[in-house]
Amino acid sequence: MSIELPDVIAAYFSADKKGNAQAISECFTEDATVVDEGNTYTGRDAIRRWMANASTQYTYTVEPFDIAEDGQRTIVTSHLVGNFPGSPVDLRYFFVLRGDQIAELEIVP
């Protein structure tokens, strides 16, 4: 199933697929926040470090397969398979966009 993602969300998943933490951080506003596994990362530098750590700690693939809108949030459901505990898993990515960048992202099972 092919879904059409907003450009910046497509860029996020494309950079994630390549393990490019710098490109991922550039998808976000300067003051963006990411909440993942109970941790909050604020600002592009923290987001870049979060992704760099995730991509060195685990090997995984992520495939978005559903998109929905919930008020101001865009919810993308993705299938993750890799060498992390609980694999495979479907995760929901709650994006809040500001202009053409991501202002908030929360990732939940």
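Helices (H or I, at least four residues) and strands (E, at least two) are, in what follows, DSSP runs, numbered from the N terminus. The structure before you is a predicted model, in which local features need pLDDT of at least 70 and side-chain atom pairs count only at pLDDT 80 or more, while totals for chains, interfaces and linings use all residues. Residues are numbered from 1 along each chain as its sequence is written, and side-chain values use heavy atoms, with hydrogens and water left out.

The unreviewed UniProt entry lists residues 10–98 as "domain: SnoaL-like". UniProt positions are given in the numbering used here, feature names are shortened, and annotations may be inferred rather than shown by experiment. In the model, that span is 31% helix and 49% strand, and its end C-alpha atoms lie 15 Å apart.

I turn now to the sheet. Two strands are said to pair if DSSP finds at least two bridges between them. In what order do the strands of the open sheet run? The order of the six strands is β2-β1-β6-β5-β4-β3, and the pairing is mixed. At the edges are β2 and β3 (60–70), each of which pairs on one side only. On average, neighbouring strands of this sheet are turned by 20° against each other, direction ignored. For such angles, axes are lines fitted to C-alpha atoms, for helices over the stretch in contact, and the angles run from 0 to 180 degrees between N-to-C directions.

Within β6, I107 is the bridge partner of D36.

Helix α1 (residues 7–18) touches β1, β3, β4, β5 and β6, and its direction makes about 135° with that of β5. Helix α3 (residues 44–57) touches β1, β2, β3 and β6, and its direction makes about 45° with that of β1.

Next, the interior. I shall call a residue buried under 20% relative accessible area, exposed over 50%, and partly exposed in between (1.4 Å probe, protein chains only). A nonpolar core is a set of buried Ala, Val, Leu, Ile, Met, Phe, Trp, Tyr and Cys residues joined through side-chain atoms within 4.5 Å. Which residues of the largest core touch the most other members? Of its 26 residues, they are Y12, F13, F28, Y93, F95 and L105. At least two residues of this core come from each of α1, α2, β1, α3, β4, β5 and β6. The largest share, five residues, is supplied by α1. Leaving aside neighbours within four places in sequence, L105 is in contact with residues including Y12, F28, W50, Y93 and F95.

Several of these names return among the aromatic rings. Rings of Phe, Tyr and Trp (its six-membered ring) pair if their centres lie within 6.5 Å; planes under 30 degrees apart count as stacked, over 60 as edge-to-face and the rest as tilted. The whole structure holds nine aromatic pairs. For Y12 and F28, the ring centres are 6.1 Å apart and the planes stand at 80°, so this pair is edge-to-face. The pair links distant parts of the chain, with Y12 in helix α1 and F28 in strand β1, 16 residues apart. Y12 is buried at a relative accessible area of 1%, and F28 is buried at 0%. F13 and Y93 also form an edge-to-face pair, at 5.0 Å centre to centre and 70° between the planes. This pair joins helix α1 and strand β5 across 80 residues, and both F13 and Y93 are buried. Y12, F13, F28, Y93 and F95 form one aromatic cluster.

I close with two features of the backbone. In general, most residues other than glycine have a negative phi, and most peptide bonds are trans. E37, although not a glycine, has a positive phi of about 50°. E37 is found in the loop between β1 (28–36) and β2 (39–42). Is E37 buried or exposed? With a relative accessible area of 69%, E37 is exposed. Lastly, the peptide bond from S87 to P88 is cis, with omega near -5°, and P88 lies in the loop between β4 (73–82) and β5 (89–98).

Methods: Contact = heavy atoms within 4.5 Å.
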